Amino acid sequence: MTDPTLATRLDEATRTARATTQLTSEVPLSLADAYAVQRAGVDLRSRRDDPPVGMKLGFTSRAKAAQMGVFDVIAGVLTAGMRIADGGTVDLPLIHPRIEPELAFLLGDAVHGGDLTTAVVAVAPAVEIIDSRYRNFSFTLEDVVADNASAAAFAIGPWQDFAAARVLDLGNLGVVLEVDGAVVQAGSTAAILGHPLRALDVCTRMVREHGFVLPAGSVILAGAATAAVPLTAGAVVEASVTGLGRVSVRAAS
């Protein structure tokens, strides 16, 4: 049985914005243990009226994986308190936040182990703010899974009908990330596992293997299309995806 204090420790680091040491530097963790710690942490959030609203994938981009030194796709849980309105302000306790452009999918039906693709009704440009709770943004695969895949916040742009959007060829859309009007990253949705729809296949597997719960209305973040960049105080960040639109957030000063 996984030590329940591990989830409490990460939860405390999240709420106070005070980094902690890697869990694996003190205790051995299997991947199954790490997902158990993650679930316990999400339960702590739920008890504070911050329930799950979706799921995110991490390390779907080769650039992002290389940046973090981790080479396996992982999943985490999005909660209501992480949602930032398009054009809104990111004003959360954060340790060393970074931001990245993504695609988001909206589920019209609940998923209980079936194929996620059949449940998707809309797609949108998105940004995710990641914030490892470990010192120096350094971790093993098990550490980052336990830390809910570094999930911190997210914003979603205008939703587009999924069937109509697929005409655009979602597998090769241009993605641009701007900070204060300057382009800092540019890439393609092809960076997301070669095609972002493959992220839905991975999510389907994760639901089956790790018990993620996805009711109707859940949001799926497919993973980063470029490497993440630091989110600094007062910065205005905008991500655009060709044919889908734009989404922006401002970091609190």
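How exposed is Ala 17, in terms of relative accessibility? Ala 17 counts as partly exposed, because its relative accessibility is 25%, a value that falls between the 20% limit for buried and the 50% limit for exposed. Please keep in mind as you read on that this is a predicted model.

**The whole protein**

Let us step back to the overall picture. The protein contains 6 helices and 14 strands. Its radius of gyration is 17 Å, which agrees with the value near 18 Å that a compact globule of 253 residues would have. Of the 253 residues, 53% count as buried.

**The loop between H1 and H2**

Back to where we began. Ala 17 sits in the loop between H1 and H2, and its phi is near 60 degrees, a positive value in a residue other than glycine. The loop also holds Thr 20, with helix H1 covering 4-16 and helix H2 covering 31-47. Thr 20 is buried, because its relative accessible area is 11%, under the 20% limit. Which residues does Thr 20 touch, once its neighbours within four places in sequence are left aside? Its contacts are Arg 9, Leu 10 and Ala 13, together with Arg 133, Tyr 134 and Arg 135.

**On either side of S7**

Ser 150 is found in the loop between helix H4 (141-146) and S7. Its phi is near 60 degrees, again a positive value in a residue other than glycine. Ser 150 counts as buried, because its relative accessibility is 4%.

Gly 157 belongs to the loop that links strand S7 (151-156) with strand S8 (160-161). Gly 157 is buried, because its relative accessible area is 8%. How far from Gly 157 in space is Ala 85, C-alpha to C-alpha? The distance is 8.6 Å, although 72 residues separate the two in sequence. Leaving aside neighbours within four places in sequence, Gly 157 is in contact with Asp 86, Ala 124, Pro 125, Arg 246 and Val 247.

| Residue | Relative accessibility | Class |
|---|---|---|
| Ala 17 | 25% | partly exposed |
| Thr 20 | 11% | buried |
| Ser 150 | 4% | buried |
| Gly 157 | 8% | buried |

**An open sheet**

In which order do the 5 strands of the open sheet lie? The order is S4-S14-S13-S9-S10, and the pairing is mixed. Strand S4 (89-90) and strand S10 (182-188) are the edge strands, each pairing on one side only. Strand S9, made of residues 174-179, runs antiparallel to S10 and is joined to it by 6 bridges. Among the residues of this pairing, Gly 174 has Ser 188 in S10 as its bridge partner.

Definitions and conventions: Residues numbered from 1 in each chain as written. Predicted model: local features only at pLDDT ≥ 70, side-chain atom pairs only at ≥ 80, totals over all residues. Heavy atoms only, no water. Helix = DSSP H or I, 4+ residues; strand = E, 2+ residues; numbered from the N terminus. Rg over C-alpha atoms; globule rule 2.2 N^0.38 Å. Buried < 20%, exposed > 50% of the residue type's maximum accessible area, 1.4 Å probe, protein only. Contact = heavy atoms within 4.5 Å. Pairing = 2+ DSSP bridges.
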